[in-house]
Structure formats: structure tokens, C-alpha cells
Amino acid sequence: MEATQESRLTPRELSALVHPFRFLDNYTNLLYLAADYVTLIVTLAAAITFCHQRAAWGLHPAWTIPVGLAALAIVGAAQHRLAGLGHEGAHYILFKHRVLNEVVSDLCCMFPLFSTTEQYRQIHLGHHEYVNDWQRDPELLNLGKTRMMDRFPMTRWEFIYNFGLRLFWPPTLLRYMWDNIYVTALGLGLHPYQDEARRAPRLLGVVRLTSALGVLYLAALVGVMGYLSHHGSWLSLTLTPLAMYAAALAVLAALPTDWFFSSRLRPVYPIKITSALRLGFITALECVLAWSMFATGFEWGVYFWLFWMLPLFTTFPYYMLLRDLFQHANADGGKLTNSRVAECNPLLRWGMFIYGQDVHLTHHLYPAVPHYRLRALHEALMRQPCDYRDEVIECHGTITNPRRLPSLLDVIEKPVSWQRIANGRG
């Protein structure tokens, strides 16, 4: 008896399958956020304790190198994970409550990385809308050439040379760092939601005037608090930053709204509120460093630069770069071929393919599904007769795979058609 043809899911049936995976709550991501901060606290405490006690323990100074490199790798990965939760916030799926989503994403995820959820949202939602389109995808327009996305496909040896050696050539590295700062920290990247009806923002050179004022405030705060941490009192260390913050808020209130970052997307709360929160975060951070110096006589700012700022400019953007390449390099703009699904080891998933980024095609298709349900959704779709199951490209391993399935390095150097054949769908 002949086998009957497999019945395909209708669009309505597919929608009914996906719908339960969109359920959000206000507590799951608090657990993930707490776990990431515990990782950071333990790593930073261990690294700082080692630096303080190494001589007392009778260890050679050379031991500082592996300990420092380990801290650099772990803190950068934890920063990457915070960015992953901020990514959820940009999609309004960090928490069910919209304001809670924005406040926690800003204060706990994006502000520590010197960005904001709203600035990142403009770039990232534009990327979703025009994925892999060199004319309209903001991630390609702003960072594509810096990330060498236009050079794919490339052999694995070219990949290793370009992203294992050439990227760390100082001029290349500085250009990559500046492009990231320009887009993510200053919010000056191109995106499709720019409000053409409003007049152009006031610029000071290539920087928005309000951003320049923010940098000036930070410089003044660092200088004043640095001086007071050596020559001030508890009273001056408390009242001075409060007075400076109050003055900054007064200037913020007086500035015209159209001088600030704007877009056609309606923000969760006004941009001036975001700016006030951001200035408050920076003020509180500088106060903690200054008070710590005043109380102990030790320059804790040194550790801040070594164990927070250094990873922020090195390992964190490097993880982000490699993840983005494995997700989109050598992919086209097709709905089911613009990204992939990565089957990788738990360590790589923890540090690089953070929070559902390993099932990235699934995320692009269903961006309203929170990261903690994406893997289950992928598996549910793979069990159903639908285009997703037939077209999705799954990468197994990083370099090679014993079952001759495409690895992460395979998909960046060979045609999409080969990737499909290797998955048994040719």
C-alpha cells in the first residue's frame, strides 16, 4: 500500500503551534539576571583578591597573567550575557510589564555597557526588518564593512587570519572599537526609524551636542570626585555629586527635546527620562569608586578599568562579533535562510550564543518568543511538516562534525545550497 503524502501545516495551524511559546512573565529573567551578576561578583572578587594577596601567598608575579586573562574572558562573556538580556528588552520580551522591561533593561543591562535600550532598539529592530540587506539593514550599514561581512564567503584559513590576527592590528582594532562606540554608546548610527519630520539634531563635529554635554559631565564628575576622594570629606563626597547631578538635571530639562536622540518609534518613556536615569547611573558609579578610595586609601578605579572597561573594549565585542558572523555571514536575505541554528557545546552557548542566540533563525521568524522558549519552539517546528523543517540550516560543532553535517566554519565558506544538502534536504 502506498504511503500517503504528509499533510502540511496550514498558516492557521502554524500560528496556533507558535502562540503558546509567546507567553511572558515578570520573574524568569530576574533569575537569569541574578545568575549573571553572581558570576560577575564572584569573578571580580576572586581576581581582585588574587591581586591583593598574591605577594602574601608567595606567588610569582607571572601568575597575574593567566589570572588576568581568565578574568578578562569571563567578565567579557558575562557582559555579553547582559547584552543578551538587553536584546530581550529591545524586543519588549524581558518582562511582561512594559515599563519594568525598559527600566531593568536600562539599569541592569545596557547602562553598565554604556548604551541604552532605546538606542540599541532602533538598530536591532531595523536589522530584523531588513536582515542582510546592504541598502537598509542598520547592522550592515553601520558595522558591516568593519566586521568584514562583505568579504564572505571566505575559507576557514582566511577567517582565522582576519578574525584571529588581522582584527587585532591596532588601526583595525581602533576602527572597530570606534564604530561600536559611535553606534551603541553615542546612538549615532543609521537606522530606518529616523524622524525626518524633525529638524536635524545639533552636532558638535560628528557627535550630537547632547552626547558631548554628557561626556563633559562625566569628565567633570570624574575630576571632581577624584580630587575629593583624596582631599575631601564624607560630607563633600555626598553633597557635591548630588549638586552636580541636580545641575545636570536642570540643564537636561532646559534643553530642547529635538536636540536629543529621536525616532519614529514611540519610546516606553520620554528620552529625557532615559537621559536622567543614565546620568544618575554614571553619578552613582563614580560615587562608589570615590567613596571606596576615601574609605580605604586604595585606588579602586584601577580595578574598574582593568576588570570592567578592558573586557568591555576587548573580549565582549569580540564575542559579539564572532556570534554575529556565525549567525549571518555568508547568508542571504531569505526568510528561512538569513540565519542558522547552532548546535554547540554548553560553554560556547554560555559565552557566545547567549540567551537563545543559538536558535537565531527561530528568533528572526518569531521575535516575540522569549529566549527561554526558543529552543522548545525550534524542536516543535522540527517535528511538524512545514517549510521551517525543510529549510532550516543546523550547524553542528565549530570546526568539523563527525557526521559530516555543516559546522559553524563550514557555513561561512560554502554556498547555502551545500549547507542544505549536508543537512539531508538537498
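## Close-up views of a predicted model

**View 1. E343 and R375 pair up across the chain.** At 24% relative accessibility, E343 is partly exposed, a class that falls between buried (under 20% relative accessible area) and exposed (over 50%), judged with a 1.4 Å probe on protein chains only. Its side chain meets that of R375 in a salt bridge with an N to O distance of 2.9 Å; the term stands for a side-chain nitrogen of Lys or Arg within 4 Å of a carboxyl oxygen of Asp or Glu. The two residues are 32 apart, E343 in strand β3 (residues 341-343) and R375 in helix α16. Helices (H or I, at least four residues) and strands (E, at least two) are DSSP runs numbered from the N terminus. R375 is partly exposed too, at 22%.

This is a predicted model, in which local features need pLDDT of at least 70 and side-chain atom pairs count only at pLDDT 80 or more, while totals for chains, interfaces and linings use all residues. Numbering runs from 1 along each chain as its sequence is written, and side-chain values use heavy atoms, with hydrogens and water left out.

**View 2. H378 sits buried in helix α16.** This helix spans residues 371-382, and H378 has a relative accessibility of 2%. Its side chain makes a polar contact with the side chain of Y388 at 2.6 Å (N or O atoms within 3.5 Å, where within protein one must be able to donate a hydrogen and the other to accept it, and residues adjacent in sequence count only if both atoms are side-chain atoms). Beyond four places in sequence, H378 touches V341, E343, V359, T362, Y388 and E394, with contact meaning heavy atoms within 4.5 Å.

**View 3. E102 and R121 form a buried salt bridge.** Their closest N and O atoms are 2.8 Å apart. E102 belongs to helix α4 (residues 98-110) and R121 to helix α5 (residues 117-129), so the pair ties together parts 19 residues apart in sequence. The structure holds 14 salt bridges.

**View 4. I412 takes its place in the largest nonpolar core.** Such a core is a set of buried Ala, Val, Leu, Ile, Met, Phe, Trp, Tyr and Cys residues joined through side-chain atoms within 4.5 Å. Of its 25 residues, F152, F159, F163, L325, F326, F353 and I412 touch the most other members. Helices α7 (156-164) and α13 (315-328) each give two or more residues, and α13 supplies the largest share, four. Leaving aside neighbours within four places, I412 contacts residues including P153, M154, A329 and N330.
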